[in-house]
Amino acid sequence: MRSIKITGIAVFCLMLLVCAALSFCLPQKSYSDIENRSLETKPEWNAADLLSGEYQEHYETYLNDQMFLRDRWVGLAAAIERTAGKKEVNGVYIGKDGYLLEKYSASDFDNAQIKENIRILSSFLNDAVKQYGARHVSCLLVPDKSDAMPDKLPKYAKTGIEKVKSAAAQLAQSLHKPGILLDTRTQLLSHQDEYIYYRSDHHWTTLGAYYAYAAWAAQTKRKAPKLADYERTVLFDDFYGTTYNKVHSKVPADSVELFYHPNQDGVKVDINHGDAVSDSFYFKKAAVEGFNRYNVFLSKNTASIEITTKAKTGRSLLLVKDSYANCFVPFLAGDYEKIWMVDCRYSKQNVRDLLAEQTEITDVMVMYQANKFMQDTDLKALDGEAKQMETFDADSFFNE
């Protein structure tokens, strides 16, 4: 019996040793599709960070994030917790009607980062209003699924909605024209009994994006096509998204629906200055090749996309965005002749330089998922000359 125990311990230690060795030898991963987050890479050593303890913290995170077969270990740990009957697994609530909802709390947000992001974004938007006029500038903060569909949450669940509301209020307060900030949460709440977010993924569905588009069109005094005007096609019915991959809970597969309108005809999509060129917003091959069916919308996250449509409106748009805009932008095909899309997480170009270069641009839109906006560390691409916000009392806000 003792020899069996020793053998088991030896095998376990050998597995750890092999995994550690492979983790060091294999190329580092910078992003986890399954967890939908950036991974810690090996930190650069310096004496100051070592003395402060910051280097050790980053190194420990690096070891965890770069562990060989990390995604498999994450899935195994989630399965064990789920078997134990937990309703919250790996930061995900097991909600009603098969919905998996990411958990957010106040501790998930860094107050200094929120303050900096509000400063950068408000400065950018205020300058855009000066250049193009308030009617041609808009900002859409998209709510997290938990905040847009609270009826799906377990009764005990807590969300970060109060933090989001406070940050949105402070952003509005810092804007010279607060009316450019669109409250998409109210619109989506009124449709939370519909299929507006995927059950197993963090993104909204095409239907959810349409409702946000209709609200934007109403606020900007444009006429949006009615829902019945779109030809709707379910392209995939086997989608299990990023949230599912954190918990592997048994839920129904999601369906991915495309909305077609004649104003999408004649479109040209140029990704990263010629890396890929298409006559459609939809990239079926990209969605089939990987596990992420959401990639059917504009292939995947990328630094820049230039879109040309057949619209004869005399207007062109700069859209600063995250992945939520990928299924939203086809609705804009009838509103703009050209659309430049920029994702600050991947682009190295300062967005203000792009505005100076592209004199065709007449409108500016910023679209971010609200929780991700507060956590984003890549908004420096929007920054210009630092401008102090006249009405933003950061100390009183973050010491509440």
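**Cavity, helix and backbone**

Modeller: In this predicted model, strand β15 gives the largest share of the lining of the largest cavity, namely three residues.

Biologist: Which elements each supply at least two residues of that lining?

Modeller: They are β6 (137-142) and β15. The residues that line the largest cavity are Arg 135, His 136, Val 137, Ser 138, Trp 216, Thr 220, Arg 222, Leu 317, Tyr 336, Asp 363, Val 364 and Met 365.

Biologist: How do they divide by class?

Modeller: The lining has six nonpolar, three polar and three charged residues.

Biologist: How much space lies in the largest cavity, and how many cavities of 30 Å³ or more does a search of the whole structure find?

Modeller: The largest cavity holds about 40 Å³ of space. The search finds one cavity of 30 Å³ or more.

Biologist: Trp 216 is in that lining. Is Trp 216 of α9 buried or exposed?

Modeller: Trp 216 is buried. Helix α9 as a whole is mostly covered, with eleven of its 14 residues buried. Among them are Leu 207, Tyr 210, Tyr 211 and Tyr 213.

Biologist: What covers the buried residues of α9?

Modeller: The cover includes β6, β7 (181-183), α8 (184-189), β8 (231-239), β9 (254-260) and β15.

Biologist: What does α9 span from its first C-alpha to its last?

Modeller: Helix α9, residues 206-219, reaches 20 Å, close to the 20 Å expected at 1.5 Å a residue. Just after this helix, Lys 221 takes a positive phi of about 60°.

Biologist: Where is Leu 298, which also has a positive phi?

Modeller: Leu 298 is in the loop between α11 (284-289) and β12 (304-308). Its phi is near 60°, and the residue is not a glycine. Leu 298 is buried, with a relative accessible area of 0%.

Biologist: And what is the phi of His 248?

Modeller: His 248, likewise not a glycine, has a positive phi of about 50°. His 248 is found in the loop between α10 (244-247) and β9. This residue counts as partly exposed because its relative accessibility is 30%.

Biologist: Changing topic: which elements have the lowest and the highest mean pLDDT?

Modeller: Helix α14 (residues 394-398) has the lowest, 33, and strand β15 (residues 363-369) the highest, 98. Over residues 386-400 the pLDDT is below 50, and this stretch has 23 contacts in the model beyond near neighbours in sequence.

Biologist: What does the protein chain average?

Modeller: The average pLDDT is 84, and 78% of the residues score at least 70.

Definitions and conventions. Residues are numbered from 1 along each chain as its sequence is written. This is a predicted model: local features need pLDDT of at least 70, side-chain atom pairs count only at pLDDT 80 or more; totals for chains, interfaces and linings use all residues. Side-chain values use heavy atoms; hydrogens and water are left out. pLDDT is the predictor's confidence in each residue, from 0 to 100. Helices (H or I, at least four residues) and strands (E, at least two) are DSSP runs, numbered from the N terminus. Contact means heavy atoms within 4.5 Å. On a 1 Å grid over the protein atoms alone, a cavity is a set of points where a 1.4 Å probe fits but cannot get out, and a pocket is an open set with protein on both sides within 12 Å along at least five of seven lines; lining residues have an atom within 4 Å of a point. Grid points are joined across faces, edges and corners, and a volume is the space filled by probe spheres set on the points. Ala, Val, Leu, Ile, Met, Phe, Trp, Tyr, Cys and Pro count as nonpolar, Asp, Glu, Lys and Arg as charged, and the others, Gly among them, as polar. The expected span of a helix is 1.5 Å times one less than its number of residues. Buried means under 20% relative accessible area, exposed over 50%, partly exposed in between (1.4 Å probe, protein chains only).
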